[in-house]
Amino acid sequence: MRIAIVGTGYVGLTTGVCLASMGHEISCVDIVPERVTAINNKKVPFYEPGLAEMLSKVVASRRLYATTDLVEAITRSEVTFITVGTPQSNQGIDLSYIATAARQIGYALRHVSDYHLVVLKSTVVPGTTDTLVCNLLEEGSGLQAGEFGLCMNPEFLREGSAIHDFMNPDRIVIGQWDERSGQTLAEVYKPFDCPRIFTTLRNAEMIKYAANALLATLVSFSNEIAALCEVTPDTDVNVVMQGVHLDRRLSPVINGERIKPGILNFLWAGCGFGGSCLPKDVNALRAYARERTVTPYLLDAVMNINNKRPAILEKLAEEALGSLRRAIIAVLGLAFKPGTDDLRESPALTVIKLLLDRGAIVRAYDPFVTSIPPGLGFDNLVTFCNTPEEVLRDSDTAIVVTAYPEFAEWDWTTLCNSMRHQIIIDGRNILRKVPWPKKVRYIGIGRVN
Ligand code: UDX
C-alpha cells in the first residue's frame with residue numbers, strides 16, 4: 001500500500017522503515033528540512049540499533065523517501081499515519097503538534113479523490129482522536145468522518161529494540177471510527193501473525209496508557225519494597241523479589257522448565273524509571289483523571305515513589321563520605337536505560353543535580369552517550385569522561401545509575417585501586433556479584449548497608 005507518515009521521530013521513522021521493508025511504499029513527512037535530507041541520504045537522525053541498515057536498504061530500493069511536502073505525500077497515499085510528538089506540558093500533554101498535523105492533513109485531503117485513512121499513532125489521552133483530530137480533519141477537508149477513515153493505533157516500541165518490537169508485535173490494537181477504517185488498517189498489517197484488537201478509538205487510546213502505567217507501577221512497587229528493606233536490618237530486596245518472582249503465576253513452570261516472563265524485568269528495585277514514555281504517560285493519565293474529578297491515588301504514588309529514588313543515592317554518598325563538598329563523584333551511566341543514548345527523564349540527571357547542589361565535583365561516563373548535551377542545567381559543571389579509568393581515577397565515590405551489564409565485567413580491583421576513597425554505590429544492584437577487594441566499601445540499595 002502507499003502510506004504517508006507525518007513526523008519522523010523514533011516512532012515515525014521506525015514505523016516507516018519497517019512498513020517499507022514489508023513491501024509498502026512510504027513517504028515520510030517532516031517539517032525539518034535537515035531531517036528530510038538526512039533520511040534521504042540514508043542517515044538516521046538518532047540512535048536506534050539496526051535502523052540505519054534497514055533505512056539504507058529501503059531508500060536504495062525506493063520504497064521510502066522523505067519530504068517536507070505534506071500535500072504531495074498524502075495525495076500519493078491511501079493511508080496517512082500521524083506520528084508527531086506529544087510532549088509533556090504542565091503534567092498533561094501538549095497536543096499542538098497533533099493539531100497542526102491534523103489540520104494540514106485535513107486540507108491535503110481536499111486534493112484526494114479516493115477513500116483515505118488517517119491513523120493516529122502518537123500517544124494521546126482518551127477522547128483526543130474522536131474530538132480534536134476528527135474535528136480538524138473534518139474542518140480541513142470539508143468531509144465527514146466516514147467519508148475518510150479514522151483509526152487510533154498505539155505503538156508499543158521500546159527504545160533500543162524498536163525494530164524487533166515493530167516486526168514481532170505482541171498485539172495490534174486497532175481503534176476504529178467505523179468498520180471500513182479498521183479493515184483498511186488491518187490490510188497494512190496483514191503479514192503479522194499476532195492477536196488483533198478491533199475496538200473503539202478511546203479503548204485504543206486507553207490501552208496504551210494502561211500498558212505503560214502497569215510497567216511504571218511494577219517498578220515503583222519494587223522500589224517501595226526496597227525502601228522498606230532499607231530500614232529493616234537483615235532484609236535484602238533482591239532476595240525478597242527473587243522470592244516473589246518464584247510464584248508460578250509470575251514465572252510458570254512448563255514441562256519442568258521455569259519460564260521467566262519479561263514482565264519480571266520490571267520487578268527489580270533500582271533508582272527509578274525514566275525515558276520519553278513512562279513518566280510522561282503516567283503524568284498524562286494523572287492529569288486526565290483529575291480533569292474528570294477522579295483522584296488517581298495509585299498513579300500519584302507511582303510517581304512519588306519514583307521521584308524519591310535518585311535522592312537515596314545522593315544520601316548514601318553523603319553518609320559514606322561525611323560531606324560531599326569538593327568530593328569527586330563518578331556517575332556511571334547517564335542514559336535512562338542501557339542500550340540507548342537517550343537522557344530524557346533519566347534518573348542520572350536528578351542524581352547529578354543533587355550532587356552538584358551539595359558541592360560535589362561530578363564526572364560522568366556512559367558507554368552509549370558520547371557527550372553531555374547543553375541545556376540540562378549543569379553546562380560546564382560536569383566532566384564527561386570517555387573511559388572507566390578516566391571517570392574513576394582519584395574519585396571519592398562511584399555511583400551506578402544505569403544498569404549496564406558490562407559494568408559488572410570491569411576490572412574492579414585495578415579500577416578501585418585508582419580511586420581516592422574506594423566507595424561504590426550501586427543504584428541498580430548490578431555489581432552485587434563482583435568479588436570486591438577488602439578495602440572497597442560496596443553499598444547496594446534495598447538493604448541496610
Ligand atoms: C516503554 C515501554 O516498555 C514500551 O512498551 C512503550 O511503548 C514505551 O515505553 P521504554 O521507555 O523504551 O519503553 O523503556 P523500558 O525498557 O520499558 O524501560 C522503562 C524504564 O523503566 C527505564 O528507565 C528502565 O531503566 C526502568 N526500569 C525497568 C526500572 O527502573 N526497573 C526495572 O526493573 C525495569
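**Contacts, a buried residue and a ligand**

Guide: Welcome! Apart from neighbours within four places in sequence, M54 is in contact with V17, C18, S21 and I163, where contact means heavy atoms within 4.5 Å. This is a predicted model, in which local features need pLDDT of at least 70, side-chain atom pairs count only at pLDDT 80 or more, and totals for chains, interfaces and linings use all residues. Residues are numbered from 1 along each chain as its sequence is written, and side-chain values use heavy atoms, leaving out hydrogens and water.

Visitor: Why is M54 called buried?

Guide: Buried means under 20% relative accessible area, exposed over 50%, and partly exposed in between, with a 1.4 Å probe and protein chains only. M54 has 19% relative accessibility, so M54 counts as buried.

Visitor: Which helix holds M54?

Guide: M54 lies in helix 3, residues 51-60. Helices are DSSP runs of H or I with at least four residues, numbered from the N terminus.

Visitor: What makes E159 and N265 count among the residues that surround the ligand?

Guide: A residue is near a molecule if one of its heavy atoms lies within 4 Å of it. The ligand is surrounded by 21 residues, and the closest are E159, N265, G274, F336 and K337.

Methods. Helix = DSSP H or I, 4+ residues; strand = E, 2+ residues; numbered from the N terminus.
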